[in-house]
Amino acid sequence: MSKRRDYEERFRERYGAPVASAMLVIEREVIGANVGANGYTTIEQVNMLADRLRLHADTTLLDLGSGRGWPALYVAREVGCQTTLLDMPEPALRTAMRQKDKQNLANVSIIQGTADRLPLRHDTFDAITHTDTL
Amino acid sequence: MGFFTIFVPDGLSESDYARALKCSTGFISTRRRNHQDLLAAAGFSQVEEIDLTSQFLVTQRGWHDGRERFHAELIEAEGEDAFAERQLDAEHMMEGIKAGLLRRALFLCT
């Protein structure tokens, strides 16, 4: 199996698995909230990122490798910026879509794709973020 | 652009570099080139690096210890082998962080 396919399979498995309720408790302790996170980026760090990028309601943001939507959906909700999530694994994107709908985030778009072949025009966004993707 | 990333610090010996990759448990498959150089080569300027390594250890330990506390429920959900593998991965990563083989930072650039 190629490295790329190996990674795709790994993330499909990871995002496809149901989240045990215990993980929600742990996530709240580690990340600071239940936001669908399973990595290392805390609420405090995302707030710092949004602040340092000077994100506001009129900015457009692209989050590469968005996974299930943490932290992009949080930023979209808190800041109000036009936010686009981009990733490959379908289970992750489906979860992100459910969260977007649940939170009524009309300012969020979700696209399936990869960062090395962006299905987007140049100069579309004011800011780009990614979280432990590279 | 702003991004969080886990990486191997510059200046490691070949053997430490190999250990670092092992400790990263698949998170890093990088070539030996630091982010500052990569970002500059891609045309980015004003690169700022904010070190988050100590917080990285705290969050990794938080996940590991939390999962240990709820091990019965998680073994039921994930299976014994997968649970043990994830815990071992977390332990390797913590060892790598403590040994200075893995870092995490927020990079900001324009």
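How many helices and how many strands are there in chain A? I began with this count, keeping in mind that the model is predicted, and I found 5 helices and 4 strands in chain A. Reading along the sequence, I wrote down the pattern α-α-α-β-α-β-α-β-β for chain A.

Next I looked up totals for the chain. Of the 134 residues in chain A, 46% count as buried. I also noted that, when contacts in chain A between residues at least 6 apart in sequence are taken, 64% of them join residues at least 24 apart.

I then turned to a pair of helices. The axes of helix 3 (residues 43–52) and helix 4 (residues 72–79) of chain A come within 11 Å and cross at roughly 60°, which makes helix 3 of chain A oblique to helix 4 of chain A. I recorded the crossing of these two helices of chain A as right-handed. Helix 3 of chain A brings A:Ile43, A:Val46, A:Asn47 and A:Ala50 to the contact, while helix 4 of chain A brings A:Tyr74, A:Val75 and A:Val79. Sorted by class, the contact of helix 3 with helix 4 in chain A has 6 nonpolar residues, 1 polar residue and no charged ones.

My last entry concerns A:Asn107, which I located in the loop between helix 5 (90–102) and strand 3 (108–112) of chain A. Is A:Asn107 buried or exposed? A:Asn107 counts as buried, because its relative accessibility is 12%, and buried means under 20%. Its side chain reaches the backbone oxygen of A:Gly80 at 3.5 Å. Leaving aside neighbours within four places in sequence, I listed A:Ala76, A:Gly80, A:Cys81, A:Gln82 and A:Thr83 as the residues in contact with A:Asn107.

Note on methods: Residues are numbered from 1 along each chain as its sequence is written. Chains are lettered from A and ligands numbered from 1 in the order in which they are written. This is a predicted model: local features need pLDDT of at least 70, side-chain atom pairs count only at pLDDT 80 or more; totals for chains, interfaces and linings use all residues. Side-chain values use heavy atoms; hydrogens and water are left out. Buried means under 20% relative accessible area, exposed over 50%, partly exposed in between (1.4 Å probe, protein chains only). A polar contact is a pair of N or O atoms within 3.5 Å; within protein, one must be able to donate a hydrogen and the other to accept it, and residues adjacent in sequence count only if both atoms are side-chain atoms. Contact means heavy atoms within 4.5 Å. Axes are lines fitted to C-alpha atoms, for helices over the stretch in contact, and angles run from 0 to 180 degrees between N-to-C directions. Angles under 35 degrees count as roughly parallel, over 145 as roughly antiparallel, 65 to 115 as roughly perpendicular and the rest as oblique. A crossing is left-handed if the near helix is turned anticlockwise from the far one by less than a right angle, and right-handed if clockwise. Ala, Val, Leu, Ile, Met, Phe, Trp, Tyr, Cys and Pro count as nonpolar, Asp, Glu, Lys and Arg as charged, and the others, Gly among them, as polar.
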